Every structure is written in C-alpha cells, then in structure tokens.
Amino acid sequence: MIRIQVRKTLSMSEGEKALQIETSLETGSFTAIYGRSGAGKTTFLRLLAGLIQPEQGYIEVDGQVWLDTQKKINLPPQKRSIGFVFQDFALFPNMTVLENLQYASGNKPDQEFIKQLLTMVSMEKLAHRKPTTLSGGQKQRIALARALVRRPSILLLDEPLSALDQEMRHKLREEIHLLHRQFQTTTLLVSHDLAEIYRLANKVLIIEEGSISKSGKPDEVFSEKRLSSKIQLTGEVVRIVPGEVVYIIEILTGNSIIKTIATKEEAEQLAIGSQVMVFSKAFNPIIKKL
Amino acid sequence: MNIDYGPLLLTFQLAFTTTFFLLILGIPLASFLAGITHKSKSILEAFISLPLVLPPSVLGFYLLLAFSPTGWLGSFLERVFDIRLVFSFEGLVVASILYSLPFMVQPIQAGLEALPASLKEASYTLGKSKLQTMFQVLLPNIKPALFSGIVLSFAHTIGEFGLVLMIGGNIPEETKVASIAIYDEVETLNYEAAHVYSSILLLLSFTILLLVYIINKRLLNYTKE
C-alpha cells in the first residue's frame, strides 16, 4: 500500500498555483495520471521521487515512511526505492547499454537479472552499443530496463512514449504491459494518450488545477464525457465544390481530409475556414482493422 | 652559446603544479556554480572572472600586500605555518591559481550546465551519491570541457609575466620563470638567449593550441557518435 499526501506551490507563467494531492495506491497496481500540460503531473512524480521537496506532505510506501514533514523525515532520492523513466530517457552517453544497466545495479551487478531484462526488451544484441547510436524506441527500452534493475517499489513513467511514433508506441505499450505483469511493480504513468491508459492502467487519476478532480477505473472516469454513441470530429472547411444537386465539402481534421456532402442551403452557411463538427451515429460507421 | 634552461624548467614546473591544484579546486567550484541559481551566483562568477580583465599587476600588487610578512595574512602564514609567499615558488603557485582560475572554472561550469538535468537526476534515482554521479556520469560526459580547462590553465600560466614580476621577483631557481628571463636577457642586451627562450615558448604555445583544437574536434565527434 502506498499512501501519498503532498502540497507544493508551483510558480507558473500565470502566477502561483497550489498542487495538492492526496491518494493511495495498491501495491502492484498500475495507475495513470491524466491531465492537461501544466497541471502538475510531472511535478507529482518528481515529488514522489524526492527530486523536489513539497512544503508539506507524507509519503509511505509499503510500510516505510519516505517523507513526513511533521516529523522532519525526508529520504533523498537515493534512499527511495524508485525507478524513474524520464521523458528524454536520460541514458548515460558515456556508457554502453550494458554499462548503463550495470551502473544502476550497484557494486555487485546482478548479471543474470540484467541479461533477463535485456532479453525481455529484446535489446540483448545491442548490449555493447552506446546510447547515441540507438533509435528512440530502443533508448526507451533501455531506460525502462534500467529503471527496473534495482527492483524498485515504485516505477515512475513520465510520458515515456510521447517521443515515439505511433507504431513504436503500440509496441512499447505491449512491452510495458508485459513487464508489469512479470514484475508486478507498482507503477505510475503520466500520459496524454487514452489508448495507452486503457491498455495499461487499472486506475486513473485526473489532475486538474493542481488537484485530483476524478479517480477510478479508466472506463468509469472517461465514460461521462469521452464515451458516447456518436462519432464526433471537429475540423476546418478547406474546399466547397458546388454540384447540381448537392455540394461537396472538404474538411480538414487532424491530418486527413474528409469529403462529405451538404445541401445548397447548408453550404451557403459555410465558407472556407469555417470551423465545423462532423458527426455520425454509432450504428452508421464501418470499422475496419488497420 | 651557454643557455641556462632553468627558467624554462621552472616555468613548466609552475604550470604543472598550478594546473594540478586548479583541477582539484576547479571541479567542485564549477559544479557548485552550475548548481546554484541564487543571486549570489553572479557575484561569485564576477569575482572568479576578475583576472580576465584586471591587469596582472593589480592582482600582483594586492597579493604582494597580503602576502608580505608585515601584512596580517603574510605574518599569520609565517608564524603558524612557516610559509613565506612573497618571492618564493609557493607564492607563485598560489598567485597563479588565482590568476588562472577562470580558465579552469568557466569551461567546466559551461560543460556541466549544458548537460541535461535528467542525467544527474537519473543517477540519483538509481541510488548513486552526488560524488559517484559527478565522477561516473557528469565528468565523463564533459571531457572536451575538462580538456579545454586543463590546457588553457596550463598555457595561461606559462604566459604569466606581470603577476610573477610583482610577487616573485627575479630569483634564479625559485621565481625566475622563462617570461621573466626573456625580459632580463633583453635588458642586458643578451638577445641570443632571449631568442632561444622566446622561440621555444612561441613554438610550444602554438603546438599546445593546435593540439587543443585537434583533440577537441575528436572528442566532440566521439560524443556525437
């Protein structure tokens, strides 16, 4: 069981804001932290790791007190059993992949376990390469493996997949899932990606304005505003082609252009650059596997 | 031709000793400066950089007053440690350390500041102390900066003149370094000896700088790999 209660004043561009979070996590659980950028998600992870200090707080992990501002207990990051995966991976450029893991392992490196981890993230063949020669996905795998070398009580993942392309994200999502199933490490994941959260987390905390506004299972938390029987897309009109019977409207949404039809009356209300919403009822769309 | 190579030897002895102590002093100082964001940082930085703009004679003058056996620091050192820092090799070393301090501190500080903070933090979260992190993660990743600091301090110490003259004088085998010897030989119209000293220093300085640029280029390519 992990109990957390912290308060910290953040100085943001729009002024000072209080981050106040109180929550508890089951040992072995996988919790996602969701929220807009600047909401304090990363700060929360850094507070847990001891990289920054709260004004007031209490952190207890599996019976061990890491922080108690009243009793003036405050373990430094070195004494907290954490694995932290940074957004920029933070691999040590002067060491090879293997050396990065051995460095984490301490004075008597557990070579067997290091080998096992490298195999699990399919990096055993690249063990003697320097991090700068690796791709983003490979770096991320090493960062994950390195964070697990010490068998930490908590694994903290700060948007670990945000720097990767869609395909690599999907692959690594599955690897994180496997690693969690294998080691049952209590994990906190900061993420913007709903697919990631649905796949990995069994609990989600939504942080808004510096505090937890909602928490629960992902489908419960997101169901109210995110799930509906309608498909909705917002976009911008880029072309209007008048026809004899109907008008063809081309709408840019994300990176794709949707062609749809409109009556003359509807089209007259639109101009190039108009912001529009395209929606469809759920029984209408056809789903095709990619 | 009878040339006394003592002054050249003394110059290198001084440069090696100074660089050695500067490295020991410069790394903690640079990492301290790289780590603070306090207002006092600017004051400290300005103080360390003073020798860059101050005429060496100004520094020499104040040090002469401070180290003089009649001054409070000088008399204290002489009474307690039996050290005299004016007109002695030890005094030259102390003065040179102060004089070349920015050449060691600035590159190392810039190197450390350019490293992403996450490297340090990652090492801490892996259970490593500040000292382990410094020697196993941070310093190995700023090799070009360390190298620049070492070579520039060394070269700058070789090039000292005004400061040595003020605080060291011209004592053979003790404070008569090559730059002083050249001045001395010219004054006595012994151009031949001055030529020898000068050409050696010129050649050496050029070689050192050339090596810096070549090796730095390699180190940079190496880290980019």
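**Ground rules.** Since the model is predicted, local features need pLDDT of at least 70 and side-chain atom pairs pLDDT 80 or more, while totals for chains, interfaces and linings use all residues.

**Arg141(A).** I found Arg141(A) in helix α4 (residues 136-148) of chain A; helices are DSSP runs of H or I, at least four residues, numbered from the N terminus. Arg141(A) is buried at 9% relative accessible area (buried is under 20%, exposed over 50%, partly exposed in between, with a 1.4 Å probe and protein chains only). Leaving aside residues up to four places away in sequence, Arg141(A) touches Val121(A), Met123(A), Met168(A), Lys171(A), Leu172(A) and Glu175(A), where contact is heavy atoms within 4.5 Å.

**α3 and α5, chain A.** I looked up how helix α3 (residues 111-120) packs on helix α5 (residues 166-183): the angle is about 145 degrees and the axes are 11 Å apart. Axes are lines fitted to C-alpha atoms over the stretch in contact, and angles run from 0 to 180 degrees between N-to-C directions. Phe113(A), Gln116(A), Leu117(A) and Met120(A) of α3(A) meet Leu179(A), Gln182(A) and Phe183(A) of α5(A).

**Leu211(B).** I placed Leu211(B) in helix α11 (residues 191-224) of chain B, and Leu211(B) is partly exposed at 45% relative accessible area.

Conventions: Residues numbered from 1 in each chain as written. Chains lettered and ligands numbered in written order. Heavy atoms only, no water. Helix = DSSP H or I, 4+ residues; strand = E, 2+ residues; numbered from the N terminus.
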